[in-house]
Amino acid sequence: MSVYDFTVLSQKGEEVSLSTYSGKVLLIVNTATHCGFTPQYKGLEAMYKKYKEQGFEILDFPCNQFAFQAFENDEGINKVCERKFGTTFTRFKKIKVNGKDADPLYNYLTSETGGEKIGWNFTKFLIGKDGNIVKRYPSKVTPAEIEADIEALL
């Protein structure tokens, strides 16, 4: 099993198979628009622009489970991200990452990295070209701090 076995919802509610990203290096991130870590969007976007032509994708999953810091609807989240941070990477429908209603993708990501639940917004999972998890990073780890790991996989 790999992340390619999962289907997620686009912001328009359409099913998207993650196998669409087969052969690419992925960074999967649960985000929020009003969090102390929200400025990481700038670093994520810079990294995306730098490496997207080499087969790098960022998959953004907004989540409102941590202190209600992503309270807008999907359209509102897009507006904040585009206007304030200029993001252009793929953003999916808002999800839950912990608990009984957690998205199956996040159940997989957490179970495959030791079972520890997601602690906060901007937890990151680096995925290799084969769809397997390479590493999990806590919220405080910035995009700049994982850039070397991404370069090594590209």
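Two residues are in contact here when heavy atoms of theirs come within 4.5 Å. With that in hand, let's look around Glu-72, which touches Thr-33, His-34, Ile-77, Val-80 and Lys-94, leaving out residues up to four places away in sequence. Keep in mind that this is a predicted model.

- Glu-72 sits in the loop that runs between strand S4 (56-62) and helix H2 (74-85).
- Is Glu-72 buried or exposed? Glu-72 is buried, and yet it has no salt bridge.
- The nearest side chain of opposite charge belongs to Lys-94, and that is 6.1 Å away. A salt bridge needs the nitrogen and the oxygen within 4 Å.
- What Glu-72 does have is a polar contact of 2.7 Å, side chain to side chain, with Thr-33.
- Thr-33 comes from another loop, the one between strand S3 (25-31) and H1.
- Thr-33 is buried too, with a relative accessible area of 5%.
- Setting aside neighbours within four places in sequence, Thr-33 is in contact with several residues, including Thr-38, Gln-69, Ala-70 and Glu-72. Ile-77, Val-80 and Cys-81 are also among the contacts of Thr-33.

- Ala-67 lies in the loop between S4 and H2, and its phi is near 60°, a positive value in a residue other than glycine.
- Phe-68 belongs to the loop between S4 and H2 as well. Its phi is positive, at about 55°, although Phe-68 is not a glycine.
- Phe-68 counts as exposed because its relative accessible area is 63%, and the cut-off for exposed is over 50%.

**Helix H2, end to end**

- At the start of H2, a side-chain oxygen of Asn-73 comes to within 3.2 Å of the backbone nitrogen of Glu-75.
- How far apart are the end C-alpha atoms of H2? They are 16 Å apart, which agrees with the 16 Å that twelve residues should span at 1.5 Å a residue.
- The buried residues of H2 are Asp-74, Gly-76, Ile-77, Asn-78, Cys-81 and Phe-85.
- Helix H1 (40-51), S4 and strand S5 (90-91) are among the elements that cover those buried residues of H2.
- Glu-75 and Lys-79 form a salt bridge, with their closest N and O atoms 3.3 Å apart.
- Why can these two side chains pair up along one helix? An α-helix has 3.6 residues a turn, so residues three or four places apart point the same way. Glu-75 and Lys-79 are four residues apart in helix H2, so about one helical turn separates them.
- Glu-75 counts as exposed, at 51% relative accessibility, while Lys-79 counts as partly exposed, at 37%.
- Just after H2, Gly-86 takes a positive phi of about 65°.

**Cysteines**

- How many disulfides are there? The count comes to zero.
- Cys-63 is in no disulfide, and the nearest cysteine sulfur, in Cys-35, is 11 Å away.
- Cys-63 counts as buried, at 1% relative accessibility.
- For Cys-81, the closest cysteine sulfur is again in Cys-35, 12 Å from its own, so the two are too far apart for a bond.
- Cys-81 is also buried, with a relative accessible area of 0%.

**Salt bridges elsewhere**

- The structure has seven salt bridges.
- One of them joins the side chains of Glu-147 and Lys-50, at 2.7 Å from N to O. Glu-147 is in helix H4 (residues 143-153) and Lys-50 is in helix H1, so this pair ties together parts that are 97 residues apart in sequence.
- Glu-147 is buried, with a relative accessible area of 19%; the cut-off for buried is under 20%.
- Asp-60 and Arg-91 also meet in a salt bridge, at 2.8 Å from N to O. Asp-60 is in strand S4 and Arg-91 in strand S5, so the pair ties together parts that are 31 residues apart in sequence.
- Asp-60 and Arg-91 are both buried. Glu-72 is buried as well, but has no salt bridge.

Methods. Residues are numbered from 1 along each chain as its sequence is written. This is a predicted model: local features need pLDDT of at least 70, side-chain atom pairs count only at pLDDT 80 or more; totals for chains, interfaces and linings use all residues. Side-chain values use heavy atoms; hydrogens and water are left out. Helices (H or I, at least four residues) and strands (E, at least two) are DSSP runs, numbered from the N terminus. Buried means under 20% relative accessible area, exposed over 50%, partly exposed in between (1.4 Å probe, protein chains only). Lys and Arg count as positive and Asp and Glu as negative; His and the chain ends are not counted. A polar contact is a pair of N or O atoms within 3.5 Å; within protein, one must be able to donate a hydrogen and the other to accept it, and residues adjacent in sequence count only if both atoms are side-chain atoms. A disulfide is a pair of cysteine sulfur atoms within 2.5 Å. The expected span of a helix is 1.5 Å times one less than its number of residues.
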